[in-house]
Amino acid sequence: MSDAAPPTSALLLWLPTLATAFTAGTVTQLARQLAAPGTLRLRTTVALAVAAGIAALSVVALLAVTLPAQTSPALLLAAACVTGWSGPGILARLGSVVERRLGLPGATQPFDPPADQP
């Protein structure tokens, strides 16, 4: 018999960590948006905050499987906050790296960085 836990129970064990990462990324981006000068549009602000939360969750999930098992949860929380501050553009960068590795043609996405940036 295998010692591996079923995927659903393994996911349930990670649920608090992933929920915390999503919340940290969302709140961090929301704070950044609220601190920015000028008027805010509700829909854009919420979209950027949720997308930053998803980016933070993705980065923490990738770090969790890459780093050693005894990695401090504080490191994962810090990574979620940094990713949340950076915003959803990290998803576009990660996506383009994965597409290149798989040999797929890249497609422009809503949160892609402008073409004039490296």
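From the N terminus on, the elements of this chain run α-α-α-α. The chain has four helices and zero strands, where helices (H or I, at least four residues) and strands (E, at least two) are DSSP runs, numbered from the N terminus. The model is a predicted one, in which local features need pLDDT of at least 70 and side-chain atom pairs count only at pLDDT 80 or more, while totals for chains, interfaces and linings use all residues. Residues are numbered from 1 along each chain as its sequence is written, and side-chain values use heavy atoms, with hydrogens and water left out.

**The chain as a whole**

Of the 118 residues of the chain, 22% count as buried. A residue is called buried under 20% relative accessible area, exposed over 50%, and partly exposed in between (1.4 Å probe, protein chains only). Contact means heavy atoms within 4.5 Å. Among contacts between residues at least 6 apart in sequence, 68% join residues at least 24 apart.

**Helices α2 and α4**

Helix α2 has 25 residues, and its first and last C-alpha atoms are 36 Å apart, close to the 36 Å expected at 1.5 Å a residue. The expected span of a helix is 1.5 Å times one less than its number of residues. Just after α4, Gly103 takes a positive phi of about 75°.

The buried residues of α2 include Thr45, Leu48, Ala52, Ala55, Ala56, Val59 and Val60.

**The packing of α2 and α3**

Two packed helices are described by the angle between their axes and the distance between the axes. Helix α2 (residues 42–66) and helix α3 (residues 73–86) pack at an angle of about 145°, with their axes 8 Å apart. Here the axes are lines fitted to C-alpha atoms, for helices over the stretch in contact, and angles run from 0 to 180 degrees between N-to-C directions. The crossing of α2 and α3 is right-handed; a crossing is left-handed if the near helix is turned anticlockwise from the far one by less than a right angle, and right-handed if clockwise.

On the side of α2, the residues in contact are Ala52, Ala55, Ala56, Val59, Val60, Leu63 and Ala64, and these meet Leu76, Ala79, Ala80, Thr83 and Gly84 in α3. By class, this contact of α2 with α3 has 10 nonpolar, two polar and no charged residues. In this classification, Ala, Val, Leu, Ile, Met, Phe, Trp, Tyr, Cys and Pro count as nonpolar, Asp, Glu, Lys and Arg as charged, and the others, Gly among them, as polar.

Ala56 belongs to helix α2. Ala56 counts as buried because its relative accessibility is 0%. Leaving aside neighbours within four places in sequence, Ala56 is in contact with Ala21, Gly25, Ala80, Thr83 and Gly84.

**Residues of helix α1**

Thr28 lies in helix α1 (residues 7–35). With a relative accessibility of 15%, Thr28 counts as buried. A polar atom of its side chain lies 2.6 Å from the backbone oxygen of Ala24. Not counting residues up to four places away in sequence, Thr28 touches Cys81, Gly84 and Trp85.

Gln33 is also found in helix α1. Gln33 has a relative accessible area of 17% and is therefore buried. Its side chain makes a polar contact with the side chain of Gln29 at 2.7 Å. A polar contact is a pair of N or O atoms within 3.5 Å; within protein, one must be able to donate a hydrogen and the other to accept it, and residues adjacent in sequence count only if both atoms are side-chain atoms. Apart from neighbours within four places in sequence, Gln33 is in contact with Leu40, Thr45 and Leu48.

Phe22 is found in helix α1. At 29% relative accessibility, Phe22 counts as partly exposed. Not counting residues up to four places away in sequence, Phe22 touches Val50, Gly53, Ile54 and Leu57.

**Leu94 and pairs of residues**

Leu94 is placed in helix α4. Leu94 counts as partly exposed, at 30% relative accessibility. With neighbours within four places in sequence set aside, Leu94 is in contact with Val59 and Leu62.

The table lists pairs of residues with their separations.

| Pair | Separation in sequence | C-alpha to C-alpha distance |
|---|---|---|
| Ala56 and Thr20 | 36 residues | 9.5 Å |
| Phe22 and Ala80 | 58 residues | 7.4 Å |
| Leu94 and Ala55 | 39 residues | 9.5 Å |
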